Amino acid sequence: MNSRRIGLGTLLCLIASMSWGAMFPVAHLALQSIDPLYFSFLRYFFVTLLLVPLLFIKEGKSAFRMEGKGKQLLFYGTMGFTLYNFMIFSGQQLMGEAGTIIASIMEALMPMISIVLIWVSTRKSPSAAIWISILTAFAGAMLVITNGSLSFFSMIQDHFFPVMLIFLGAVGWVLYSMGGSSFPRWSVLRYSTITCLLGTVVSFVVVAAASLFQWLPVPQWEDVVSIKYHLLFMVLFPGLTALLSWNAGMKWLSPANGILFICLVPVTTFVLMAVQGYEISLNEFYGTLLVVFALIQNNFYQRKAQKLHN
């Protein structure tokens, strides 16, 4: 891993994580008008419409061949585009305004989830440097979210079910992110498009079946139109741009290092709240500095490891 790839991978993961940080406040507004399952399906339906012709133009018809890995791609697509979106937005809606904060916290937990999954699957513990960077970034993110008050966690006891939904969604995205490393010869665009397409098909089957059995109401056209700008943002930034940037960044940095940037999601959420008039406290300011320090520290360790390897 050379310095240029590290730098570009860092930038791409940064773009993706900040886009997702802006996602939750926007989703909170949209979910007041539409069911989270249909919202999730429509979001990636339009992303798929953009990705499929893009892949066809760039890599041709052969890029849509699954090369005997259809089951793997279906699994990762379901984890990343069905489970993650359905669970995290359902939990966020059930919790109301507090759901925006909890969803951001759960995103910050993704590094811890990924460490456990990687440890279990490979039986190899990450290096001490990566542990320090991830723990530091997580501590900073938690300081920003809680504002240094442990009383914040008391409300989780009253919202166990939606919190578990959000947690399951986070696990789904970690599994999807790790899945990219199983296709080293595939381009980022190809992996993103195929998994997004398959995940969207699964999402369609779920919402169609739920609506057929009258478990899920079909949204009115007026409701969809009322969130057109929210949906446009979700498609172009947290959807298309963040998806391609994240998969490329994860491929170039490795899951253990790239997942660290998820800690910026709650920080970005609070920055947007500050722009809207929220007063930033010292705890939140220091927490942000911790996250930035962790990112710089992690980059330093990567460059040092590269020099030793060479």
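Predicted model: local features only at pLDDT ≥ 70, side-chain atom pairs only at ≥ 80, totals over all residues.
Residues are numbered from 1 along each chain as its sequence is written, and side-chain values use heavy atoms, with hydrogens and water left out.

**Helix H3**

- Helices are DSSP runs of H or I with at least four residues, numbered from the N terminus.
- The 26 residues of helix H3 (residues 70-95) should span 38 Å at 1.5 Å a residue, and the 36 Å between its end C-alpha atoms agrees with this; the expected span is 1.5 Å times one less than the number of residues.
- H3 has a kink of about 35° centred on Thr-78, where the bend at a residue is the angle between axes fitted to the seven residues ending there and the seven starting there.
- Just after H3, Gly-96 takes a positive phi of about 70°.

**Aromatic contacts**

- Rings of Phe, Tyr and Trp (its six-membered ring) pair if their centres lie within 6.5 Å, and planes under 30 degrees apart count as stacked, over 60 as edge-to-face and the rest as tilted; by this rule the count comes to 17 aromatic pairs.
- Tyr-44 and Phe-81 form an edge-to-face pair, because their ring centres are 4.9 Å apart and their planes lie at 75°.
- This pair links distant parts of the chain, with Tyr-44 in helix H2 (residues 36-59) and Phe-81 in helix H3, 37 residues apart.
- Tyr-44 counts as buried at 3% relative accessibility, and Phe-81 is buried at 1%, where buried means under 20% relative accessible area, exposed over 50% and partly exposed in between (1.4 Å probe, protein chains only).
- One aromatic cluster includes Trp-20, Tyr-44, Phe-81, Trp-173, Tyr-176 and Trp-186 among its members.
- The charged end of Arg-190 sits over the ring of Trp-186, 3.8 Å from its centre; the criterion is NZ of Lys or CZ of Arg within 6 Å of the ring centre and within 35 degrees of the ring normal.

- Most residues other than glycine have a negative phi.

Notes: Helix = DSSP H or I, 4+ residues; strand = E, 2+ residues; numbered from the N terminus.
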